[in-house]
Amino acid sequence: MQYRHAPAANHAALDAVLASAPGRPTLPVRLTVELAGRARVHLPADAPLTVWDPCCGAGATLTVLGLLVPGLARLVGTDADPGPLDLARRNLALLDPGGLTARAADLEALAARHDKPSYAEAATAVRTLVPASAPAWSVTPADARDTAAVRSALAGAGPYGTGPDLVLADLPHGRRTTWAAAADDDEDPGVEFLRAVATALRPDAVVVAVGRGRTVPLPGGARPLERVRVGHRAAVLVRAGALQEG
Ligand SMILES: C[S@@+](CC[C@H](N)C(=O)[O-])C[C@H]1O[C@@H](n2cnc3c(N)ncnc32)[C@H](O)[C@@H]1O
């Protein structure tokens with residue numbers, strides 16, 4: 001894949017400021033921004049976007065979007081596992097007014113207390129960041145396959161409550177993060193997940209799903225907008241309506 005929307009950049013400041021949940025690897029920053037840029041091509045130009053990460057974990061993906069992508073009105077994070085959601089709240093609070101300044105001050109206090117220059121360097125890096133968006137955000141535990149829980153988490157999302165415009169999900173994979181709840185034996189758990197996610201969306205919403213391996217399977221007959229491969233990851237961009245019909 002050629003990067004069209006995310007120039008190569010040094011993201012050390014983000015690495016310094018984002019908290020990650022142990023054992024839950026996050027999407028690379030550049031790939032996150034690129035996928036959002038590709039999805040945006042399929043959405044109305046200049047409309048403020050509501051983004052939903054239905055596998056939000058520690059909220060790194062959503063926070064990266066808020067820090068680096070302009071025009072985001074609201075970020076909604078849900079995850080079947082409530083464990084990492086406090087970290088997600090901590091990361092997303094960086095987008096609140098004064099959030100980055102407060103984190104830089106915390107890092108400076110740690111540098112002084114532990115006499116660790118690495119904290120001071122991180123604080124300096126954090127002070128260079130200016131969030132590209134100032135979205136409202138919320139984080140709620142919800143299994144994406146639990147329609148009632150998802151609808152309640154998404155209540156009021158989007159302009160006039162029309163729901164998310166864009167879904168960006170780094171799917172659970174392999175040894176380190178796994179699907180919550182046993183999947184239907186006859187169906188790929190990712191396909192089951194995408195079908196469930198689509199039931200909460202307008203047909204014109206765009207879903208971006210990232211997996212490991214050669215491809216991200218879609219429900220039978222669903223035509224993607226675009227497929228991309230990056231290293232050991234594959235991603236698919238697809239309209240919610242295609243998932244609903246597939
Ligand atoms: C690869 S991690 C996502 C990391 C996240 N994007 C971040 O920024 O930290 C996959 C996540 O999917 C969650 N998950 C697994 N099954 C799920 C389900 N049925 N519904 C919602 N989330 C699920 C896991 O708990 C895990 O946090």
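**Stop one: leucine 31 and helix H2**

Start by selecting leucine 31, which lies in helix H2; helices (H or I, at least four residues) and strands (E, at least two) are DSSP runs, numbered from the N terminus. A word on what you are viewing: this is a predicted model, in which local features need pLDDT of at least 70 and side-chain atom pairs count only at pLDDT 80 or more, while totals for chains, interfaces and linings use all residues. Residues are numbered from 1 along each chain as its sequence is written, and side-chain values use heavy atoms, with hydrogens and water left out.

Is leucine 31 buried or exposed? With a relative accessible area of 4%, leucine 31 is buried; buried means under 20% relative accessible area, exposed over 50%, and partly exposed in between (1.4 Å probe, protein chains only). Show what leucine 31 touches: Met1, Tyr3, Val230 and Arg233, not counting residues up to four places away in sequence. Contact here means heavy atoms within 4.5 Å.

The charged end of arginine 30 sits over the ring of tyrosine 3, 3.8 Å from its centre; the criterion is NZ of Lys or CZ of Arg within 6 Å of the ring centre and within 35 degrees of the ring normal.

**Stop two: where H2 meets H3**

Colour H2 (residues 29-40) and helix H3 (residues 60-68). Their axes come within 10 Å and cross at roughly 70°. Those axes are lines fitted to C-alpha atoms, for helices over the stretch in contact, with angles running from 0 to 180 degrees between N-to-C directions. H2 and H3 are therefore roughly perpendicular to each other, given that angles under 35 degrees count as roughly parallel, over 145 as roughly antiparallel, 65 to 115 as roughly perpendicular and the rest as oblique.

**Stop three: the nonpolar cores**

Next, select Leu35 and Val208, the residues with the most contacts inside the largest nonpolar core, a set of 45 residues. Such a core is a set of buried Ala, Val, Leu, Ile, Met, Phe, Trp, Tyr and Cys residues joined through side-chain atoms within 4.5 Å. H2 supplies the largest share of this core, 6 residues. Around valine 208, leaving aside neighbours within four places in sequence, display Leu35, Ala39, Leu166, Val167, Leu168, Ala169, Val236 and Leu237, which are in contact with it. There is also a second, separate core of 29 residues, and Ala157, Ala200, Val207 and Ala242 are among its members.

Threonine 162 sits in the loop between helix H7 (147-154) and strand E4 (166-170), and is partly exposed at 36% relative accessible area.

Then go to leucine 129, in the loop between H6 and strand E3 (136-141). At 18% relative accessibility, leucine 129 counts as buried. Leucine 129 touches Ala13, Leu14, Val17 and Leu100, again not counting residues up to four places away in sequence.

Most residues other than glycine have a negative phi. Aspartate 46 lies in the loop between H2 and strand E1 (49-53) and counts as exposed, at 75% relative accessibility. Aspartate 115 also has a positive phi, of about 50°. Find aspartate 115 in the loop between helix H5 (99-114) and helix H6 (117-127), exposed with a relative accessible area of 68%.

**Last stop: glycine 246**

Finish in the segment after helix H9 (240-245), where glycine 246 lies. Glycine 246 is partly exposed, with a relative accessible area of 24%. Setting aside residues up to four places away in sequence, glycine 246 touches Arg195, Pro219, Gly220 and Ala222.
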